[in-house]
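Subject: A structure for you to explore

Hello,

Here is the structure I promised to pass on to you. Have a look at it first, and then read my notes below.

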Amino acid sequence: MEDQQKQFVLGIVAYAVQRDISAEKLCRLSGISLPDLMGKNNIRFTAKQLNDLWLNACHLSNDPLFGLHLGESLQLAALGVVGEIVKTSTTVGNAITIATSLTGLVTDLFKMEVRQGEGRFAIHLIPDQARRKDSEFAFKQTLDFFMVFMIHELDGFILEKIKPEEARLPISTPGKEYARLLRCEPLETKDEYALTFDSKYWDLPIITANYELQTSLLQNVNLVELTQAESDSYRARIYQYLLKNAYLGIVSLEEIAANFNVSPRSLQRKLKDENVTYQEVADEVRKSLALHYMNSGKYYVKEISYMLGYNELSAFSRAFKRWTGTTPGLYQKHLTTS
């Protein structure tokens, strides 16, 4: 099974080689085995390895904006199956929705959310503050990469140069490169990372759309998520348990605690230490299952709402719009009319 983080690291190293940096030297300085990276087996990277990789890439290229320039240059194919899923989406809105749900396969430094407003929609990159503390340099470079990458890759989907209405990030003097690559003058914020676009882009069809291929790829990604979730963290163990036992519905905190032989209060404390609540983990699972059921094309919205444990369709619709920026009906319509 393809390792998405490994694919991303390979993309960083490949771009460094284009910048006349030795792949062997970059990996050696970063504590990464180049033969293992080039091999077929999956690799688990430590936070230090990833942080050192970005540090050394910037140092060896003499480019403090290495992440920004990588975002301008990297192709979606470099992200493996995640890139293929995004490419086969039906509309720009569908592509962005899918991309936000799969970000965690590439990096755990932040998550992405889509929020829609009057005549516009915004993509927010929300930091995981605990992981950010351990990898501050990697956090900034990875975030710079994603903001530029999203803009430049959308161009190829619709054969139109997309320009954000706003780019918000906490940099007091971004400089001309940020303005050039983000295609607008960035607005300084306290700790907010977001791109805002005109709603006219949301429903534009993607020229590489392929619903059947996307459905098949999404099924594979669900397996990847389960494989990568195998760790000692309670968050990952609970996520894996809920996903594997989806037929049981989203069980209560008390039931989960009993399954792991701890008290509900003890489980809450353990999750708090991991900077997450049980409701947030359950919400992640509901979102993953909702997108899977929607993209399968086998269920009515009401059926999906019931399977996910919502007593009222309106409650599911509100949750789905919070996850994706659109309603279940519109999302399903995009799939069926493509």
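Let's start with the sheet: 5 strands form an open sheet, in the order β1-β2-β5-β3-β4, and the pairing is mixed. At its edges stand β1 (110-117) and β4 (187-188), each with a single partner strand, so one side of each has no neighbour in the sheet. A word on terms: helices (H or I, at least four residues) and strands (E, at least two) are DSSP runs numbered from the N terminus, and two strands pair if DSSP finds at least two bridges between them. As background, strands of a sheet pair through backbone hydrogen bonds, either parallel or antiparallel.

Before going further, please note that this is a predicted model, in which local features need pLDDT of at least 70 and side-chain atom pairs count only at pLDDT 80 or more, while totals for chains, interfaces and linings use all residues. Residues are numbered from 1 along each chain as its sequence is written, and side-chain values use heavy atoms, with hydrogens and water left out.

Now follow β2. Strand β2 (residues 120-127) pairs with β1 in the antiparallel sense over 8 bridges. Across this pair, Glu 113 stands opposite His 124, and Arg 115 has Ala 122 as its bridge partner. The two strands make a hairpin with 2 residues between them, and Gly 119 in the turn has a positive phi of about 70 degrees. β2 also runs antiparallel to strand β5 (residues 194-198), joined to it by 5 bridges; here Arg 120 is partnered by Asp 198. Is β2 enclosed or open? 6 of its 8 residues are buried, so β2 is largely enclosed by the rest of the structure. Buried means under 20% relative accessible area, exposed means over 50%, and partly exposed lies in between (1.4 Å probe, protein chains only).

Next, the helices. The 15 residues of helix α1 (residues 4-18) should span 21 Å at 1.5 Å a residue, and the end C-alpha atoms are 21 Å apart, which agrees. The expected span is 1.5 Å times one less than the number of residues. Buried residues in α1 include Phe 8, Val 9 and Ile 12. Gln 5 is buried as well, with a relative accessible area of 17%. Leaving aside neighbours within four places in sequence, Gln 5 is in contact (heavy atoms within 4.5 Å) with Phe 45, Leu 50, Leu 105 and Val 106. After α1 comes Asp 20, whose phi is positive, near 65 degrees.

How do α4 and α5 pack? Helix α4 (residues 47-61) and helix α5 (residues 66-73) pack at an angle of about 90 degrees, with their axes 10 Å apart. That makes α4 roughly perpendicular to α5, a label for angles of 65 to 115 degrees. In this contact, Trp 54, Ala 57, Cys 58 and Ser 61 of α4 meet Phe 66, Gly 67 and Leu 70 of α5.

Finally, find Pro 264, which sits in helix α14 (residues 264-273). Pro 264 is partly exposed, with a relative accessible area of 30%. Pro 264 and Leu 253 are 11 residues apart in sequence and 6.4 Å apart in space, C-alpha to C-alpha.

Enjoy exploring!

Best wishes

Notes
Axes are lines fitted to C-alpha atoms, for helices over the stretch in contact, and angles run from 0 to 180 degrees between N-to-C directions. Angles under 35 degrees count as roughly parallel, over 145 as roughly antiparallel, 65 to 115 as roughly perpendicular and the rest as oblique.
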